[in-house]
Amino acid sequence: MKIERVNNERTPIGKATIDKIRADFPILGLQVSGKPLVYLDNAASSQMPQPVIDRIVRYQTEEHSNIHRAVHYLSELATSEYEAARVKVQHFLNAKESREIIFTRGTTEAINLVMHGYGRSFIGKGDEIILSALEHHANIVPWQMLAQEKGAVLRVIPINDDGELLIDEFEALFNEKTRFLALSHVSNALGTISPVKKMTAFAHRRGVPVLLDGAQAAPHQLLDVQDLDCDFYAFSGHKMCGPTGIGVLYGKAQLLERMQPYQGGGDMILSVTFKKTVYNVIPAKFEAGTPPIMAAIGLGAAIDYLNGIGLGNIATYEHELLEYATGKISAMPGVRIIGTAANKAAVMSFEIDGVHPHDVGTILNGDGIAIRTGHHCAQPVMDRFNVPATARASFAFYNTKQEIDKLVDGIRRVQEMFS
Ligand SMILES: Cc1ncc(COP(=O)(O)O)c(C=O)c1O
């Protein structure tokens with residue numbers, strides 16, 4: 001079944017709309033260090049608009065109860081809102097069925113769920129798992145733990161100096177022992193958008209299932225898991241205007257059905273005796289215990305909000321911001337952009353000659369500018385570029401070119417202080 005997408009793409013983001021969008025985000029009115037906040041740390045966590053905050057408050061003031069458990073009014077209401085949020089995620093991803101959507105704590109837990117539920121059953125001694133050199137630690141460490149436990153082997157797709165995957169080398173990594181491919185859709189450290197649809201098709205021609213880490217893709221582009229044809233897709237609510245503590249694992253139903261549960265407890269069972277437990281059907285099989293009900297409903301509201309703006313509009317506007325920032329920053333002497341892929345999301349990692357990234361972050365904070373400094377939970381990427389850390393500005397659809405100008409002025413101030 002093809003689901004009709006609900007995005008309203010009628011009004012592009014631009015001069016006429018940006019002030020209205022920004023007014024939806026109360027936190028953007030903050031003063032930091034006596035200056036208006038310039039929030040450029042969206043890849044770490046995005047901000048929450050008022051309609052999402054209001055939805056959470058309404059849930060807590062008028063609708064809260066435990067779900068799936070009682071016949072009283074509040075329990076039925078909370079259950080139906082929680083399940084409605086699942087359907088919103090289904091439509092957001094264009095998944096075939098809502099039972100293919102599992103609520104998790106975030107991307108990290110979603111990947112760990114696949115490692116435990118799929119990996120421990122279907123990956124064994126000598127088997128090979130392919131990852132890329134672009135991965136966040138969340139898509140490295142669980143597979144390393146599995147490899148250690150099972151005697152499996154990790155193979156890594158290398159990247160070029162622009163931070164793009166080397167596709168010939170990717171193809172050459174496959175052999176009869178390859179059992180799994182786990183790949184970031186968009187790199188959090190460099191912004192590289194990888195050709196995951198083609199890579200998934202290549203893996204499938206060799207019978208290898210594919211997990212895509214979509215933590216940095218879901219907030220920034222229209223997704224279609226049926227078109228990508230990936231077996232698993234993971235993302236986090238807090239990076240897409242939703243609350244922390246909620247994320248999603250999409251999995252093809254026939255795979256989820258074959259997998260072992262990740263955790264045991266209430267709700268994930270059909271019957272329990274001391275001799276034997278019969279597990280529930282999907283998705284309940286993977287949602288043991290009381291789930292983050294409020295956060296799931298908040299994520300549903302965040303999806304409504306993003307759809308109201310239009311993911312296509314968001315992608316176009318953020319690309320304009322990226323091009324503007326790239327033009328300005330690449331023209332600055334003594335500043336090097338790290339990550340210059342041809343196909344890139346709105347992430348700008350850079351280093352300033354002779355200045356440690358932490359000093360850059362601290363000085364910019366004095367101007368009210370929030371960027372990220374460090375290894376961005378992607379130490380192998382830092383090793384590849386021979387740096388201990390980078391400064392990273394990451395843009396969202398509520399940022400402006402004026403804010404990028406402030407970033408550029410801030411970088412100049414850093415250079416002056418260290419000259
Ligand atoms: C590409 C990528 N994968 C995974 C994660 C982990 O997400 P979370 O901490 O929400 O589980 C992040 C977070 O920065 C990320 O950027």
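Start at Asp213: an N or O atom of its side chain is 2.5 Å from a nitrogen atom of the ligand. Keep in mind that this is a predicted model.

Next, select His238. One of its polar side-chain atoms lies 2.7 Å from a ligand oxygen atom. Then go to Thr107. Here the backbone takes part: an N or O atom of the Thr107 backbone is 3.4 Å from an oxygen atom of the ligand. Now show the ligand's surface. By itself the ligand exposes 390 Å², and 85% of that is buried by the protein.

The ligand sits in the largest pocket.

- Gly106, Thr107 and Thr108
- His136 and Ala138
- Asn188
- Asp213, Ala215 and Gln216
- Ser236, His238 and Lys239

Color the shell by residue class. How many of its residues are nonpolar, polar and charged? Two are nonpolar, eight are polar and two are charged.

Last stop: the cysteines. Is Cys241 buried or exposed? Cys241 has 2% relative accessibility, so it counts as buried, because buried means under 20%. Cys377 has 32% relative accessibility, so it counts as partly exposed; that class lies between the 20% limit for buried and the 50% limit for exposed.

Terms used. Residues numbered from 1 in each chain as written. Predicted model: local features only at pLDDT ≥ 70, side-chain atom pairs only at ≥ 80, totals over all residues. Heavy atoms only, no water. Near = heavy atom within 4 Å. Polar contact = N/O pair within 3.5 Å; in protein donor to acceptor, adjacent residues only side chain to side chain. Areas by Shrake-Rupley, 256 points an atom, 1.4 Å probe, with all protein chains shown as cover. 1 Å grid on protein atoms, 1.4 Å probe; cavity = no way out; pocket = protein on both sides within 12 Å on 5 of 7 lines; lining within 4 Å. Sits in = over half its atoms within 2 Å of the grid points. Nonpolar A, V, L, I, M, F, W, Y, C, P; charged D, E, K, R; others polar. Buried < 20%, exposed > 50% of the residue type's maximum accessible area, 1.4 Å probe, protein only.
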